[in-house]
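Subject: The structure to look through

Hi,

Here is the structure I promised to pass on to you. Please open it next to this email and follow along as you read.

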Amino acid sequence: MYTIGQQMETSASLLEGGPLAAKIKQEVKAEIEEMVRTRGVRPGLAAVRVGDDPASAVYVGNKIKACEEVGIRSEHHALPATTSTAELLDLIASLNSRDDVDGILTQLPLPAGIDERAIIEAIDPAKDVDGFHPVNVGNLALGRPAFVPCTPTGIIELLLHSDVEIRGTRACVVGRSQIVGRPMAQLLLQRDATVTICHSRTRDLASVTREADLLIVAIGRTGMIGREHIKPGATVVDVGMNKVTDPVQVRELFGPDAEKRLDVLSKRGFTLVGDVHPAGAAEVAGRLTPVPGGVGLLTVAMLMKNTLQAATRRRS
Ligand code: NDP
């Protein structure tokens with residue numbers, strides 16, 4: 001850990017995801033080598049992408065690369081945007097029936113013409129490594145074994161690894177999506193936090209979030225959570241990933257630390273910023289996840305872990 005914003009005389013220390021993500025992938029790799037050596041079985045992941053959304057292509061590319069790193073056999077089904085729901089259901093059915101496929105993921109969002117819910121519900125719950133199928137969602141809510149979405153499980157791993165106390169603390173999750181907010185709240189509840197969930201209709205958001213020792217933000221609004229939303233010393237986890245292209249906004253978000261980001265902006269045309277205002281939060285939070293370099297790296301590592309788990313369960 002190191003402190004950020006030295007020029008701003010701040011104290012928030014960074015909860016970085018990189019080292020833990022590398023450790024998790026290393027452990028998964030070792031277990032897969034053992035599985036291959038002792039049982040002659042190699043886990044397989046099928047990634048399905050429809051259309052040509054550039055962000056989805058990058059996300060799937062990162063997942064395939066991680067599979068190569070840990071020794072998971074992967075296959076990438078990139079289908080045209082004109083694919084129908086029926087055609088996609090056929091592909092899911094064939095992946096469900098194949099013994100060499102342990103995990104299936106469909107990169108969301110799917111194009112508007114496809115019935116996303118039907119696709120998610122068609123995936124065999126035993127191969128649902130994203131944890132989006134209603135059977136897995138229900139089991140999580142009941143506190144039973146389930147595949148749990150990778151971003152919230154990665155956050156729990158990061159908190160545990162960093163010795164952040166969860167039990168008995170006041171936790172606040174801002175955002176109630178199926179992918180992040182809701183499963184996050186369930187996992188915190190399972191670990192005995194007192195959990196509040198906020199969303200776009202929450203009145204006087206700052207007065208609620210300021211009560212939290214542990215604040216998890218997943219809203220998709222660049223830098224919206226500022227110092228006024230944060231209890232001094234709180235642990236703040238920023239799930240947001242937003243592209244910022246305006247140098248004026250970069251200066252406003254990063255203050256005296258903006259130079260490095262402006263450099264990234266001039267080279268790549270954008271810089272990634274979370275839902276938490278980086279300069280404001282650094283002044284008041286005790287610990288803070290950076291964007292990039294925080295939660296995002298753990299999401300892919302947890303997908304590898306879920307795929308290994310699917311292979312272990314299916315083949316035992
Ligand atoms: P969704 O758009 O599905 O959900 C956003 C949630 O935020 C909704 O519940 C919405 O409330 C709430 N919200 C929106 N505006 C406000 C507001 N002004 N005040 C309070 N709550 C608000 O987003 P996701 O959960 O899929 O993603 C959230 C962010 O996390 C995005 O930036 C996304 O890119 C990022 N992300 C990052 C991942 C990673 O690996 N790092 C993985 C997944 C997502 P309501 O329900 O009332 O509409």
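Let me start with confidence, since this is a predicted model. Among the elements of the protein, H2 has the lowest mean pLDDT, at 95, while strand S5 (residues 170–174) has the highest, at 99. For the protein as a whole the mean pLDDT is 95, and 97% of the residues reach 70 or more. Please be careful with residues 1–9, though: pLDDT stays under 50 there, and the model has 22 contacts beyond four places in sequence for this stretch.

In what order do the strands of the six-stranded open sheet come? They run S1-S11-S8-S7-S5-S6, and the pairing is parallel. Strand S1 (13–14) and strand S6 (194–198) are the edge strands, each pairing on one side only. Inside this sheet, strand S8 (residues 235–238) and strand S11 (residues 287–288) run parallel and are joined by two bridges.

S2 pairs with S3 in the parallel sense over seven bridges, and Val50 stands opposite Leu79 in S3. S2 and S4 pair in the parallel sense too, over four bridges, with Leu45 opposite Gly103 in S4.

**The cores**

Next, have a look at the largest nonpolar core, which has 30 residues. Those with the most contacts inside it are Ile24, Val28, Leu45, Ile72, Leu303 and Met304. The elements that give two or more residues to this core are helix H1 (18–39), strand S2 (44–50), helix H2 (54–70), helix H6 (150–161) and helix H12 (295–315). H12 gives the most, with nine residues. Not counting residues up to four places away in sequence, Leu303 touches Leu45, Lys63, Leu105, Val129, Asp130 and Cys150. Apart from this core lies another one, of 22 residues, among them Ala146, Ile166, Leu214 and Ile216.

An α-helix has 3.6 residues a turn, so residues three or four places apart point the same way. Keep that in mind for the next two helices.

In helix H5 (residues 134–142), the buried residues are Asn136, Asn139 and Leu140. They cover an arc of only 100° around the axis, which puts them on the same side of H5. Helix H7 (181–190) is among what covers them. Just after H5, Gly143 takes a positive phi of about 75°.

Helix H9 (residues 247–254) has Val250, Leu253 and Phe254 as its buried residues. Seen down the axis of H9, these fall within an arc of 80°, so they line one face of the helix. Their cover includes strand S9 (242–244), helix H10 (258–268), strand S10 (271–273) and helix H11 (278–284).

Finally, please find Arg191, in the loop between H7 and S6. Arg191 and Ile166 are 25 residues apart along the chain, and their C-alpha atoms are separated by 6.5 Å. Not counting residues up to four places away in sequence, Arg191 touches Ile156, Leu160, Ile166 and Arg167.

Enjoy exploring, and write back with any questions!

Best wishes

Technical notes:
Residues are numbered from 1 along each chain as its sequence is written. This is a predicted model: local features need pLDDT of at least 70, side-chain atom pairs count only at pLDDT 80 or more; totals for chains, interfaces and linings use all residues. Side-chain values use heavy atoms; hydrogens and water are left out. A nonpolar core is a set of buried Ala, Val, Leu, Ile, Met, Phe, Trp, Tyr and Cys residues joined through side-chain atoms within 4.5 Å. Buried means under 20% relative accessible area, exposed over 50%, partly exposed in between (1.4 Å probe, protein chains only). Contact means heavy atoms within 4.5 Å. pLDDT is the predictor's confidence in each residue, from 0 to 100. Two strands pair if DSSP finds at least two bridges between them. The arc is that of the directions from the helix axis to the C-beta atoms.
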